[in-house]
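User: Hey, could you walk me through this one? I'm new to reading models.

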Amino acid sequence: MTKPKRSLTFYILAAIFGLFVLFLYGPMTAVVLLSLQGPEGSLTFPMRGFSFYWLVSVFGEQRIGEFVTPFLRSFALGLLVMALSVAFSVMAGLAFRRHFTGSRFIFYLTITSLIVPSILVSLGIGIAFNILGLNVQWYSSALGGHLTWTLPFAFLIMLGVFNRFNPTYEEAARDLGASDTQSFWQIVLPLIAPSLIGVAMLSFTLSYDEFNRTALISGENNTLPLEIFGMTTNVTSPALYAVGTVTTIVSFVVIAIALTAYNFFMRRQP
Amino acid sequence: MKTWKQLQTYLLVTPQTLVFLLFLLFPLLTIFVVSFWEFNGYAMSPALILGNYKAIFTPVYLATYLNTFKFTVIVWGLALAIAYPVAYFLAFHIHDLRWQIGLFVLCTIPFFTSNIIRMISWIPFLGREGILNQVLLNLGIVQAPVDIFLYSDFAVVLAMLHLYTLFMVVPIFNSLVRIDRDLIAAALDSGASGLQVFKEVVLPLSLPGIAIGSIFIVTLVMGEFTTVRLMSGGQASSVGSAIRNQIGSLQYPQASANAVILLLVTLAIVVGIMRTFDIRKEL
């Protein structure tokens with residue numbers, strides 16, 4: 001195929017695309033730069049000095065609050081949500097390869113979870129726990145709230161994966177005498193592994209950054225986004241930006257690990 | 001053997017279904033029931049009253065609903081206007097698959113970072129001493145710093161676009177890359193102009209993508225309370241932020257009635273979009 005000549009349309013659209021990327025990344029860049037100011041720094045440009053003072057201060061005890069514990073809490077919750085989302089969505093994906101009574105109901109229930117305004121999930125779980133006399137905690141109510149957000153994405157991805165899945169490998173394994181369990185662990189799982197990396201990363205980051213569905217139901221121990229939201233009302237130093245920079249770096253590291261793992265598993269595909 | 005297979009299917013789908021029954025359906029039913037309860041100033045008690053719903057149909061509340069619709073329509077329109085060219089560029093003007101994936105990932109990465117941080121990141125731009133004010137002062141367009149960039153409806157819309165436009169880009173891109181290129185070649189061969197090809201072939205085939213993106217934007221913006229609160233400095237109101245305030249003062253029955261209406265309105269819009277466009281084949 002010969003390369004079509006680049007038209008005026010191409011350059012106009014390329015400019016719009018460039019502006020869009022700038023729009024996405026520009027503000028974040030400013031936050032990173034401003035978190036690298038000296039101790040006398042403020043919330044706006046120009047930068048006052050250059051140091052790692054504010055970034056280091058994130059890891060210490062300080063008057064605006066402590067971030068290591070909420071971070072560890074969010075990280076643990078993210079891992080839990082990730083493990084459950086991957087396991088549950090793979091199981092449901094396997095089930096949806098067959099037609100069964102009630103599959104439409106479960107499908108629409110999942111879609112509903114995706115499009116119900118987040119505050120309803122938060123409010124509903126909060127009131128339900130209240131009436132049942134249960135304590136809201138990050139590992140119970142907030143975990144449930146997070147799953148209502150991550151599972152629909154995970155499930156829809158798994159549906160797509162199993163739609164494209166070539167069953168001949170599995171049938172071959174079965175013809176050679178493999179049990180269902182054997183053919184799953186030795187044939188199906190290695191084949192869908194790259195997609196699972198994607199599901200895992202998506203679930204973890206969605207949970208790690210989740211705010212709206214957890215706002216009312218994380219109990220007395222805040223997750224990191226809730227802690228940061230609390231900061232926005234009373235912090236006027238670059239410490240705010242430093243926390244933002246550190247959590248964003250964590251997100252980027254997770255994405256990088258996922259991409260590396262994805263490439264690793266893709267290279268082992270038949 | 002057949003029954004075991006069936007049982008196996010149901011066992012496999014049980015965990016996910018339980019999650020949605022316990023943490024979605026049951027809470028929604030609870031909201032519905034509590035919306036008829038009474039509130040005596042400090043606690044709620046079971047009842048069957050319509051007072052919470054009647055309270056919604058007052059001018060103050062209706063204004064809040066109108067304001068929420070306003071945000072939804074503005075953000076939807078602008079998100080579509082931004083997302084379509086971006087998706088179109090990726091789908092039709094980037095021919096190298098590696099570049100296409102790379103640029104697509106570039107657009108999606110911010111989606112994996114914290115919404116709160118992304119809101120905060122507008123402060124250095126829009127604040128009283130922010131970049132925008134400095135530029136305007138230096139150009140002599142304004143004489144004194146303008147306060148209303150941050151903490152205004154403008155800031156709310158800007159931040160929502162920043163957060164949600166991607167939800168429009170992805171479905172549109174998805175439907176654009178699936179368009180059979182032979183259709184376009186055929187239209188061009190039959191003498192259609194570029195604009196005609198767009199109007200008669202590309203646009204109709206991308207409508208399902210627009211519909212899915214619109215559903216995302218509508219449901220996200222209709223239930224918004226964080227962005228509205230943070231970016232308007234507590235000045236603007238939306239149904240979500242009203243619910244949030246009522247929860248803050250423990251008025252669960254009133255908050256629930258509001259939530260029921262919000263859900264019904266949102267679902268009505270979603271069903272309307274789904275009826276208008278056949279999105280089934282995109283799923």
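Analyst: Here is a short tour, from confidence to chain A and then the helices of chain B.

Analyst: This is a predicted model, where local features need pLDDT of at least 70, side-chain atom pairs count only at pLDDT 80 or more, and totals for chains, interfaces and linings use all residues. Residues are numbered from 1 along each chain as its sequence is written, while chains are lettered from A and ligands numbered from 1 in the order in which they are written.

User: What pLDDT does chain B average?

Analyst: Chain B averages 88, and 97% of the residues score at least 70. pLDDT is the predictor's confidence in each residue, from 0 to 100. For the complex, the predictor gives an ipTM of 0.88 and a pTM of 0.88.

User: OK, chain A. How many helices and strands does it have?

Analyst: Chain A has ten helices and zero strands. Those are DSSP runs numbered from the N terminus: helices are H or I with at least four residues, strands are E with at least two. The C-alpha trace of chain A spans about 70 × 70 × 30 Å along its principal axes.

User: And what share of chain A is buried?

Analyst: Buried residues make up 41% of its 270 residues. Buried is when 20 or more other C-beta atoms lie within 10 Å of a residue's own, exposed is 12 or fewer, and partly exposed is in between, with C-beta atoms placed from the backbone.

User: Switching to helix α12 of chain B. How many of its residues are buried?

Analyst: Eight of the ten residues in α12(B) (239-248) are buried. They pack against α5 (118-132) of chain A, together with α3 (59-93), α11 (226-232) and α13 (252-276) of chain B. Just after α12(B), Leu250(B) takes a positive phi of about 60 degrees.

User: How do α12(B) and α13(B) cross?

Analyst: Their axes come within 8 Å and cross at roughly 160 degrees. Axes are lines fitted to C-alpha atoms, for helices over the stretch in contact, with angles from 0 to 180 degrees between N-to-C directions. So α12(B) and α13(B) are roughly antiparallel to each other. Angles under 35 degrees count as roughly parallel, over 145 as roughly antiparallel, 65 to 115 as roughly perpendicular and the rest as oblique.

User: Which residues make that contact?

Analyst: Val239(B), Ala242(B), Ile243(B), Gln246(B) and Ile247(B) of α12(B) are on one side, and the residues of α13(B) include Tyr252(B) and Leu262(B). The contact of α12(B) with α13(B) has eight nonpolar, three polar and no charged residues.

Note on methods:
Two residues are in contact if their C-beta atoms, placed from the backbone, lie within 7 Å. Ala, Val, Leu, Ile, Met, Phe, Trp, Tyr, Cys and Pro count as nonpolar, Asp, Glu, Lys and Arg as charged, and the others, Gly among them, as polar.
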